[in-house]
Amino acid sequence: MDDRSGLRADCANCFGLCCVALAFSRSTDFAVDKAAGDPCANLQQDFRCGIHDRLRPQGFQGCTVYDCFGAGQKISQVTFVGRNWRESPDGSRRMFAALPVMRQLHELLWYLAEAGSRPAARPVHRRAAAERERIERLTLSDVDTLLELDVAELRAGVNTLLLRTSELVRAEVRGRKDRRGADLFGARLRGADLRGADLRGAYLIAADLSGADLRLADVIGADFRDADLAGADLTDCLFLTQTQVNAARGDDATVLPAGLDRPSHWRAGTAGPAAQSGGGEKAPGTAGRRGGPSRRSGGARRRGSGPAGSRRS
């Protein structure tokens with residue numbers, strides 16, 4: 001079953017961990033520098049953001065992109081049993097260190113839940129369920145156990161299963177493109193037929209994907225920062241996350257998979273229908289209630305260590 005309700009940020013039950021634990025640098029995404037472990041100046045005593053309704057105008061665009069996959073509330077309410085970092089300053093360092101570990105575990109649960117819900121991936125359902133159960137048990141561990149986990153090894157094991165899932169689900173699409181890890185920075189892909197494409201780890205920063213057909217495309221780890229998804233069709237897109245959606249630009253004609261929210265900063269538009277014909281790849285051009293930092297700078301390219309080269313702070 002594709003039950004990912006507990007894998008989305010619930011800021012009401014979190015102690016503002018992303019607003020303290022993570023570091024960010026002055027850039028197009030953040031108006032100021034902040035060191036890891038220092039509370040953001042906008043974090044209030046009740047752990048809410050004082051400028052939540054105007055983060056982007058105030059220069060904190062990065063906060064509107066970040067999603068912790070529900071790790072914040074798990075650390076706050078389960079791992080530390082409701083004790084916040086102000087009440088337990090001695091444990092705050094371990095609490096902050098556990099956040100990125102838990103986030104990666106929850107990210108894996110997100111992907112496994114999707115793998116287990118895809119009818120075409122039935123041959124891997126039993127294994128996906130077993131892996132999900134194992135990782136869910138790990139998320140309930142004490143903080144010392146969490147900090148000792150070899151997350152890279154966990155991700156490598158899950159990635160093998162996700163690759164098989166991708167092959168099974170995309171098998172129905174003939175002539176699908178392989179653009180895994182491709183540098184498509186600023187690429188002009190308006191109306192492109194990318195149905196069933198392998199876009200794992202692709203750099204799609206500032207790419208024009210307006211009106212593109214991305215149905216059944218595998219986008220795990222793809223970098224959608226400032227990509228134009230106006231009018232694009234992402235129905236049944238494989239392994240798409242809320243962070244990727246938040247990082248992109250879209251409009252009211254963009255079709256998203258079930259379970260993902262349309263960002264409030266997306267514009268209302270009059271884009272044409274998705275999957276228009278006539279597009280194609282060309283040479284790259286030059287071009288919750290509370291959020292949290294998602295990257296150190298606005299333009300740096302990074303290749304992460306997770307499944308298919310996913311990227312994160």
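Helix 4 and helix 5 are roughly antiparallel to each other, a label given to angles over 145 degrees, whereas angles under 35 degrees count as roughly parallel, 65 to 115 as roughly perpendicular and the rest as oblique. Their axes come within 9 Å and cross at roughly 155°. Axes here are lines fitted to C-alpha atoms, for helices over the stretch in contact, and angles run from 0 to 180 degrees between N-to-C directions. The crossing of the two helices is left-handed. Contact means heavy atoms within 4.5 Å.

The model is predicted, so local features need pLDDT of at least 70 and side-chain atom pairs count only at pLDDT 80 or more, while totals for chains, interfaces and linings use all residues. Residues are numbered from 1 along each chain as its sequence is written, and side-chain values use heavy atoms, with hydrogens and water left out.

The average pLDDT of the protein is 86, and 85% of the residues score at least 70. The pLDDT is the predictor's confidence in each residue, from 0 to 100. Over residues 270-306 the pLDDT stays under 50, and the model has 124 contacts beyond four places in sequence for this stretch. Residues 308-313 also have a pLDDT below 50. That stretch has 32 contacts in the model beyond near neighbours in sequence.

The secondary structure comes to 8 helices and 0 strands. Along the sequence, the pattern reads α-α-α-α-α-α-α-α. Helices (H or I, at least four residues) and strands (E, at least two) are DSSP runs, numbered from the N terminus. Of the 313 residues, 54% count as buried. Buried means under 20% relative accessible area, exposed means over 50%, and partly exposed lies in between (1.4 Å probe, protein chains only).

Helix 4 also meets helix 7. Their axes come within 10 Å and cross at roughly 15°. Helix 4 and helix 7 are therefore roughly parallel to each other. This crossing, too, is left-handed. On the helix 4 side, the residues are V101, Q104, L105, E107, L108, Y111, L112 and A115. They meet V151, L154, R155, V158, L161, L162 and T165 in helix 7.

Two residues of this contact, R155 and E107, form a salt bridge, with the closest N and O atoms 3.2 Å apart. R155 lies in helix 7 (residues 151-170) and E107 in helix 4 (residues 89-117). The pair links distant parts of the chain, 48 residues apart. R155 is buried at 1% relative accessibility. E107 is buried as well, with a relative accessible area of 5%. A salt bridge is a side-chain nitrogen of Lys or Arg within 4 Å of a carboxyl oxygen of Asp or Glu. Side chains of opposite charge can pair when their charged atoms come close.

A search of the whole structure finds 17 salt bridges. One of them joins R134 to E131, with the closest N and O atoms 3.0 Å apart. These two residues are 3 residues apart in helix 5 (residues 125-139), so about one helical turn separates them. R134 is partly exposed, with a relative accessible area of 34%, whereas E131 is buried at 16%. R48 pairs with D46, and the closest N and O atoms are 3.8 Å apart. R48 is partly exposed at 40% relative accessibility, and D46 is partly exposed at 43%. R4, E114 and R118 are linked in a network of salt bridges.

Backbone angles complete the description. Most residues other than glycine have a negative phi, and most peptide bonds are trans. F69 is not a glycine, yet has a positive phi of about 60°. F69 lies in the loop between helix 2 (61-65) and helix 3 (71-79). With a relative accessible area of 3%, F69 is buried. D226 also has a positive phi, near 60°. D226 lies in the loop between helix 7 and helix 8 (242-247). At 33% relative accessibility, D226 counts as partly exposed.

Methods:
A crossing is left-handed if the near helix is turned anticlockwise from the far one by less than a right angle, and right-handed if clockwise.
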